[in-house]
Amino acid sequence: MRAAANPESHETTDPVEICVCCDAERLERHPFHPDLNVFRPSQRQQEALVKLAASGEGCVSAAFAAGRTVAYVALQKPDRFERWSEDPTGRIWELGAVEVAPEWRGRGLARRLLKQTFAVGLFDDKIVIAQLLSWHYDTDRTGVSPFTYREALIRLYREVGFRVWRTNDPEIAGRIENALMARIGAKAPPEAVESFHKLRLAGSAPWDFPF
Ligand SMILES: CC(C)(COP(=O)(O)OP(=O)(O)OC[C@H]1O[C@@H](n2cnc3c(N)ncnc32)[C@H](O)[C@@H]1OP(=O)(O)O)[C@@H](O)C(=O)NCCC(=O)NCCS
């Protein structure tokens, strides 16, 4: 005889497990889906993210299904070649990558990963920037224009507290398909907020950028 469904049961049919700011060993145990290759070949991306998680200077949240990683978001300190690395407060971080294997897209995995990662409070005293750069967009597979892609990402990131900011960064400024977004944590110290605003407009006179 089949047991009656128990409404108190926490059993779930969700085949996906989310691991927020996952430790390096767990990431290593879950091979990356071969199609997680937008930024690098999947195996190399796994190695890089395992290294990042082990460094203590980053957070990699992952979605696991059937023993492998099918999606991830990665946050890290800005690369030393970027203007953001000049921040003296150390509170500016970067949402470096969000990637979902194509066969797992459109099921809310990116949204779940982002929401759960920002829900734990780890980033509330930080400013997290996100550079939307069209050369990272998977327009070939999705068939949408870079501008439409940008708008979709803006809507998604807004849901977790990011907003669009103007910048004079030449990679972003003047290119309608790119954007700078940032999430200013509710507990980010004023000196970090000031540093963010200085850096986004580095080298410009205030009258060049009234807002
Ligand atoms: C962008 C990406 C992470 C979205 O992953 P996903 O799990 O499919 O996204 P979700 O299912 O959580 O959907 C989130 C929202 O974003 C929208 N969206 C995301 N990517 C989109 C795209 N390329 N085109 C249109 N809409 C998109 C969805 O419409 C959805 O909004 P809705 O639920 O209101 O319709 C995924 O397409 C991907 O890995 N792309 C390649 C890498 C990339 O572009 N990363 C972002 C820049 S670093």
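This is a predicted model: local features need pLDDT of at least 70, side-chain atom pairs count only at pLDDT 80 or more; totals for chains, interfaces and linings use all residues.
Figure 1. Strands β3 and β4 pair in the antiparallel sense, and 6 bridges join them. Ala 74 of β3 is also the bridge partner of Val 60. A hairpin is formed by β2 and β3, with 2 residues between the strands. Ala 66, in the turn, has a positive phi of about 50°. Strand β3 is mostly covered, 7 of its 9 residues being buried.

**Figure 2. Strand β7 and its two partners.** Strand β5 (residues 127-132) pairs with β7 in the antiparallel sense over 6 bridges. Within this arrangement, Val 128 faces Arg 183 of β7. Strand β6 (residues 163-165) likewise pairs with β7 in the antiparallel sense, over 3 bridges. Here Trp 165 has Leu 180 of β7 as its bridge partner. Of the 6 residues of β7 (residues 179-184), 5 are buried, so the strand is largely enclosed by the rest of the structure.

**Figure 3. The buried face of helix α3.** The buried residues in α3 are Leu 109, Ala 110, Leu 113, Leu 114, Thr 117 and Phe 118. Viewed down the axis of α3, these buried residues fall within an arc of 150°, so they line one face of the helix. An α-helix has 3.6 residues a turn, so residues three or four places apart point the same way. The buried residues of α3 pack against β1 (17-19), β2 (58-65), β3 (68-76), β4 and α5. Gly 121 follows α3 and has a positive phi, near 85°.

Figure 4. In helix α6 (residues 190-200), Ala 192, Ser 195, Phe 196, Leu 199 and Arg 200 are buried. Because they cover an arc of only 125° around the axis, these residues are on the same side of α6. Pro 190, Glu 191 and Glu 194, on the other side of α6, are exposed. Packing of the buried residues of α6 is against β4, β5, β6 and β7.

**Figure 5. The shell around the ligand.** The ligand is surrounded by 21 residues, and the closest are Arg 105, Ala 110, Arg 111, Asp 138 and Ala 152. Two or more residues of the shell come from each of β4 (92-100), α3 (109-119) and α5 (146-158). By residue class, the shell around the ligand contains 12 nonpolar, 4 polar and 5 charged residues. Ala 110, one of the closest residues to the ligand, is also among the buried residues of α3.

**Figure 6. The protein chain as context for the close-up views.** The protein chain contains 6 helices and 7 strands. Its elements, read from the N terminus, follow the order β-α-α-β-β-β-α-β-α-α-β-β-α. The radius of gyration of the protein chain is 19 Å, close to the 17 Å that the globule rule gives for 211 residues, so the chain is as compact as a globular protein of that length. Along the principal axes, the C-alpha atoms of the protein chain fill a box of roughly 75 × 40 × 35 Å. Of the 211 residues in the protein chain, 34% are buried. Among contacts in the protein chain with a separation of 6 or more, 66% involve residues 24 or more positions apart.

Note on methods:
Residues are numbered from 1 along each chain as its sequence is written. A residue is near a molecule or strand if its C-beta atom, placed from the backbone, lies within 6 Å of it. Helices (H or I, at least four residues) and strands (E, at least two) are DSSP runs, numbered from the N terminus. Ala, Val, Leu, Ile, Met, Phe, Trp, Tyr, Cys and Pro count as nonpolar, Asp, Glu, Lys and Arg as charged, and the others, Gly among them, as polar. A residue is buried if 20 or more other C-beta atoms lie within 10 Å of its own, exposed if 12 or fewer, and partly exposed in between; C-beta atoms are placed from the backbone. Two strands pair if DSSP finds at least two bridges between them. The arc is that of the directions from the helix axis to the C-beta atoms. Two residues are in contact if their C-beta atoms, placed from the backbone, lie within 7 Å. The radius of gyration is taken over C-alpha atoms; the globule rule is 2.2 Å times the number of residues to the power 0.38.
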